[in-house]
Amino acid sequence: MAYKTIVEDNIDVLVAGAGLGGCGAAFEARFWGQDKKIVIAEKANIDRSGAVAQGLYAINCYMGTRWNENNPEDHVEYARIDLMGLVREDLLFDMARHVDSTVHQFEEWGLPLMKNPDNGQFMREGRWQIMIHGESYKPIVAEAAKKSADKVFNRICVTHLLMDEAKENRVAGAVGFNVRTGDFHVFKSKAVICGAGGASNIFRPRSTGEGAGRVWYAPWSSGSAYGLMIEAGAKMTQMENRIVLARFKDGYGPVGAYFLHLKTYTQNGFGEEYESKWFPELQKMVGKEYLDPELSHRTHRPIPTCLRNHALISEVNAGRGPIHMVTMEAFQDPHLEEVGWENFLGMTIGQAVLWAATDVDPKNENPELTTSEPYVMGSHATGSGAWCSGPEDVSPDEYFWGYNRMMTIEGLFGAGDAVGGTPHAFSSGSFTEGRLSAKAACKYIDDGKAEGIKVSEKQINGFKEAVFKPLEHYKMYRNEIVAGDVNPHYINPRQGLDRLQKLMDEYCGGATVNYMTNGKLLNIGLKKLKLLEEDLEKLGASDVHELLRAWELKHRHRTAECVTQHTLFRKETRWPGYYYRGDAMKLDDENWHCLTVSRRDPETGEYTMEKAPVYHLVGKDD
Amino acid sequence: MPTFVYMTRCDGCGHCVDICPSDIMHIDKTYRRAYNIEPNMCWECYSCVKACPQNAIDVRGYADFAPLGHSVRVLREEEKGTISWKIKFRDGTEKSFLSPITTKPWGRDIPKLKDVDGPSQEMRDSQLLYNEPKYIRFDDGGVHTLESNGLKFKQGVVY
């Protein structure tokens, strides 16, 4: 093999993936570990990587505690009802009590946060959201991470976590390859903070052909957070809790500012309000405790996002589509019109391109909305991810094993999409989680928990062989055919991705089957995933760039398998509007008011599923 | 909305290759200029468009749903701290927008934590993060706890 092996040794804290979570980790680690060696490995360039690469127009998680706006427990309550009761309330409380300090630091660093001229406070978009001019959000945050890190390795696709051979179930670093030079990189580290991303593109997207890149979550979010952690044997939670987004059609432009700030609203193709008429039937499925429109009307209590999706999907299926966002009223106000456009230019430019291309001016016509294909992630309005310890002063015993945000593998920490059970963290919460995990990782090292780590050449060489196998495989069989991509010995990464998306869509509740699945379908899906896994051993990559796509596909496949296992395990329909179990169409609190936890045995590939208790935050006298 | 590169403007400097989050801007070996090698993995995030010193990169909306004849152009000026947009509709309508991208000279106010005083043992033993408790609360002190907020955890079903 011609590619060099480059070893970075004696790292204390390795940050694998530096989006908002990873940048928060690298930044904060320097404060708690002033003499520690802090290294970042990032698949792209940290100035524009992760979900915020394009920019953001809002920070969706800010308490405003200093203005007496909200307390952390208010946010916990909000996330709880939005996710139909099932979240990690200890982790959420912990994130929420620190997130304001993160946001105020961003302001000090130069991020333009809009101000309310009446009181000088941050301009509220909604109860939790504040508005920003965030075109340079990621470069600003990356600057902070770069100032703290000893070294930043851009363009490294991290493929595997290294495991300690002296002590079982302890992390020892990570390996990957440079997507430009092809060099193999070994990072030997005492602690690893996984800041890698959630998964777009595991379900067949609604777009076809060229538009397949216009997914809601970034196409480079390859489920690597999950691929890395599951493969190493970390326990995962709530992986069935995929998210479906109601967004502007085709461009997937965001609707938050439209609903909350512009006060636009939806109606069906005949100009009628449609949501409320689906609620009585829906209430029978999920119970009045989760859907109480009257109570929601009177109080701050939101109607869960999935249930609003359900109404949209049902209305379209009843033949009364398309659903429109009524923008024509709001857009007559020049200020609101400006906000509406800048909202897209700040974070989903493609939607502006689409409206320009189709002559849609929301001042003159109401644009269409649709529901997206499902996504698997843990930082937006859903909470898939690893099963992590909470903080010592908050967490119940079952949720605490020594270090905040440490997973069930010793020395492996996480932030953002990697951490399970913490929805509604968004950008600011993910950065905050990175800070929390960095403090804990430094303490883990200072407590002597990372002494005596041993990594053999055998382990490293095994990974090296596996990493480059798609290139070797291609070389071996390429010349058996004249030209083209059809070869009996290999499939290329795009062909494998197409197969993954089709089977996840059809068997695991994708968009083309209206998010419906059942036990029978899921079992077939698992068989097909197994066959795909065998073929992924025969992936062919013609160059280093295709090798990147090959490893992204492997991470996506592992994510998809775990999602399917979890979906099969939970025999109820907890989140109608995100997915439906046709063989168990009701929410079932008696049996399923629990968090699902899985572990894949790295030796056998078998999954073990268990239920973990849900602890709710209540008043001390309740 | 995949990107494309104008042949006569690109000088092959590679800024787009350096910044693209999806690793799809590459240099063509024959023409020594950049191009998008994988349009269906392009998010239309405009990172490359903003980074191009020659304004050689543009976006043509995704062919499967966007008709031809539009443009969304951008100029990002880090020194000025602004970004300007010009949207041109298929029917010729134009709209322009201007936003700030930073309020401070680039990077000046981001601290280098190696140079600040390290945490005391007391701080290490607390729940505080760097620079806290500043900003956590308006007036009264420390980080929120279950006790300070009058809370406890309860197993079971709570709505």
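Into which domains is chain A divided? Chain A is divided into domain 1 (246-371) and domain 2 (460-586), with bounds from an automatic or database domain assignment.

This is a predicted model, in which local features need pLDDT of at least 70, side-chain atom pairs count only at pLDDT 80 or more, and totals for chains, interfaces and linings use all residues. Residues are numbered from 1 along each chain as its sequence is written, while chains are lettered from A and ligands numbered from 1 in the order in which they are written.

**View 1. Domain 1 of chain A meets domain 2 of chain A.** The domain centres, taken over C-alpha atoms, are separated by 32 Å. Domain 1 of chain A puts 10 residues into the contact, and domain 2 of chain A puts in 8 residues. Residues are in contact if their C-beta atoms, placed from the backbone, lie within 7 Å. On the domain 1 side, helix H7 (275-286) and helix H9 (305-317) of chain A are the elements that give two or more residues. H9(A) has the largest share, 7 residues. By class, this side has 6 nonpolar, 3 polar and 1 charged residues. Here Ala, Val, Leu, Ile, Met, Phe, Trp, Tyr, Cys and Pro count as nonpolar, Asp, Glu, Lys and Arg as charged, and the others, Gly among them, as polar. Helices (H or I, at least four residues) and strands (E, at least two) are DSSP runs, numbered from the N terminus.

**View 2. Helix H14 (residues 493-507) of chain A crosses helix H15 (residues 519-536) of chain A.** Their axes come within 9 Å and cross at roughly 170°. That makes H14(A) roughly antiparallel to H15(A); angles over 145 degrees count as such, under 35 as roughly parallel, 65 to 115 as roughly perpendicular and the rest as oblique. Axes are lines fitted to C-alpha atoms, for helices over the stretch in contact, and angles run from 0 to 180 degrees between N-to-C directions. The H14(A) residues in the contact include A:Leu500 and A:Leu503, and those of H15(A) include A:Ile524 and A:Leu529. The contact has 9 nonpolar, 2 polar and 3 charged residues.

**View 3. An open sheet in chain A has 4 strands.** The order is S14-S9-S18-S19, with antiparallel pairing. Strands pair if DSSP finds at least two bridges between them. Strand S14 (385-386) and strand S19 (607-613) of chain A stand at the edges, each with a single partner strand, so one side of each lacks a neighbour in the sheet. Helix H16 (residues 544-569) of chain A packs on the sheet and touches S9, S18 and S19 of chain A. S18(A) and S19(A) pair over 7 bridges.

**View 4. Chain B contacts chain A.** The contact involves 74 residues of chain B and 85 residues of chain A. S8(B) gives the most to the chain B side, with 5 residues. That side divides into 39 nonpolar, 18 polar and 17 charged residues. Strand S20 (residues 615-619) of chain A pairs with S8(B) in the antiparallel sense over 5 bridges. A:Gly619 has B:Leu151 as its bridge partner in S8(B).

Terms used
Contact = placed C-beta atoms within 7 Å.
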